[in-house]
Amino acid sequence: MTPIVLDPFVTDLDGESAALRAAGPLVDVELPGGVACHAVTHHAEARQLLTDPRLVKDINVWGAWQRGEIPLDWPLIGLANPGRSMLTVDGADHRRLRNLVAQALTVKRVEHLREGIRALTDASLDRLATAPKGETVDLKAEFAYPLPMNVISELMGVDRADHPRLKELFEKFFSTQTPPEEVPQMMADLGELFTKIVDAKRDHPGDDLTSALIAASEDGDRLTGEEIVNTLQLIIAAGHETTISLIVNAVVALETHPEQRARVLSGEVPWESVIEETLRWSTPTSHVLFRFATEDVEVGDRILPKGAALIVSYGALGRDESQYGPTAGEFDVTRSPNRHIAFGHGPHVCPGAALSRLEAGIALPALYARFPGLRLAVPASELRNKPIVTQNDLHELPVRLS
């Protein structure tokens with residue numbers, strides 16, 4: 001089977017997802033940089049594979065990695081091999097690391113953040129309100145980005161002075177267009193920055209998750225310094241990128257479906273339904289790298305071979321008609337049931353899902369309450385995706401607030 005080559009510039013994510021879905025539940029794909037792997041593109045098969053113990057996160061199982069075929073300057077190397085954390089281990093090691101994070105991301109702690117999220121939201125909206133009437137505003141840069149970044153930084157104890165450098169490094173980390181010669185230095189710089197943050201928390205611990213992870217290691221839980229640094233990097237990266245895209249994609253969906261926006265703003269449809277339908281229809285995470293097959297695995301009428309790498313194509317399976325019916329391709333805030341798996345499924349389901357939902361559930365209604373006349377400043381067809389194979393992310397979101 002000829003592999004489907006994933007567009008490194010992500011010029012038509014919907015079209016690409018449709019092609020992947022049409023090719024079957026297990027598809028040969030080629031990632032930017034010429035790296036071959038497989039993708040699961042249908043909902044039922046994804047649920048099955050995400051709980052299959054024959055698929056593991058250990059990169060050393062990957063045949064191409066064993067054979068030295070994956071260069072260390074591959075632009076996606078940081079996503080493929082981000083170091084030891086709860087993202088890259090399985091079994092008892094995964095439960096140990098995940099339980100520590102879960103203890104800090106309890107329902108009680110997330111709820112404790114509610115008032116802080118409201119305050120940050122209101123402050124961002126106050127700044128937006130100072131824009132001259134009729135002027136185009138980049139809603140992503142001015143609202144959707146700073147809120148999640150500030151929330152996750154408060155949770156992890158990261159100083160806001162580090163935000164500009166984090167933004168710069170994460171742009172390179174996620175991009176398919178980072179020049180190979182810059183990749184090793186970018187990875188080293190990220191490691192150095194997060195090590196600095198952890199070292200500062202060792203000297204001056206606070207009421208934050210980074211300090212809690214350090215304290216757990218000192219109490220005999222045997223977290224290594226590498227695990228703490230990598231866990232911090234993982235949570236910061238995932239904790240803000242997903243929520244940014246959720247907020248942006250929800251606004252785009254509502255502005256391109258004005259009849260549904262009207263039903264939401266009238267109170268007929270709850271904001272929770274907007275969030276869940278956005279997660280399904282325009283999922284923040286388009287593809288997740290990687291799982292590796294420890295033996296041959298049957299997927300429909302195909303075999304995922306031992307040593308193969310698998311990505312989960314959430315953008316494709318979110319509109320799977322076998323799961324959501326003939327209207328799967330339509331945005332419908334009244335859809336019920338809406339049992340998507342946009343935050344994953346199984347042992348590695350995203351531990352920050354509740355926090356992301358909470359942030360969007362505060363930010364979106366507050367945004368439209370303050371600016372009910374908000375509209376896109378350009379046709380939706382002119383919105384540009386960033387060259388990020390794992391994220392459904394826009395360069396900017398130009399709007400007019402009234």
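Is Phe173 buried or exposed, going by its relative accessibility? Phe173 has a relative accessibility of 5%, so this residue counts as buried. The structure described here is a predicted model.

## Aromatic pairs

A pair of aromatic rings is described by the distance of the centres and the angle of the planes. This structure holds 9 aromatic pairs. Ring pairs join Phe173 and Phe174 with Phe170 and Phe194 in a cluster.

Another pair is made by Trp271 and Tyr368. The ring centres of Trp271 and Tyr368 are 5.7 Å apart and the planes stand at 35°, so this pair is tilted. Because Trp271 belongs to helix H15 and Tyr368 to helix H18, the pair ties together parts that are 97 residues apart in sequence. Trp271 and Tyr368 are both buried.

## Helix H15

Among the buried ones are Trp271, Val274, Ile275, Leu279 and Trp281. The buried set also includes Glu276, Glu277, Thr278 and Arg280.

Several helices take part in covering the buried residues of H15, including H13 (225-255) and H14 (258-265). Helix H17 (321-324) and helix H18 (353-370) are also included in that cover.

## Charges over rings

Arg280, one of the buried residues of H15, has its charged end over the ring of Tyr324, at 5.0 Å from the ring centre. A second case involves Lys167, which lies over the face of Tyr145 at 5.6 Å from the ring centre.

## Asp320

Asp320 sits in the loop that runs between helix H16 (314-317) and helix H17. Which side chain of opposite charge is nearest to Asp320? That side chain is Arg21, at 5.7 Å. Asp320 is buried and has no salt bridge. For a salt bridge, the side-chain nitrogen has to be within 4 Å of a carboxyl oxygen.

The side chain of Asp320 does reach the backbone nitrogen of His43, at 2.9 Å. Apart from neighbours within four places in sequence, the residues in contact with Asp320 are Arg21, His42, His43, Gly325 and Ala328.

Technical notes: Residues numbered from 1 in each chain as written. Predicted model: local features only at pLDDT ≥ 70, side-chain atom pairs only at ≥ 80, totals over all residues. Heavy atoms only, no water. Buried < 20%, exposed > 50% of the residue type's maximum accessible area, 1.4 Å probe, protein only. Helix = DSSP H or I, 4+ residues; strand = E, 2+ residues; numbered from the N terminus. Contact = heavy atoms within 4.5 Å. Lys, Arg positive; Asp, Glu negative; His and termini not counted. Polar contact = N/O pair within 3.5 Å; in protein donor to acceptor, adjacent residues only side chain to side chain. Phe/Tyr/Trp six-rings, centres within 6.5 Å; stacked < 30°, edge-to-face > 60°. Lys NZ or Arg CZ within 6 Å of the ring centre and 35° of its normal.
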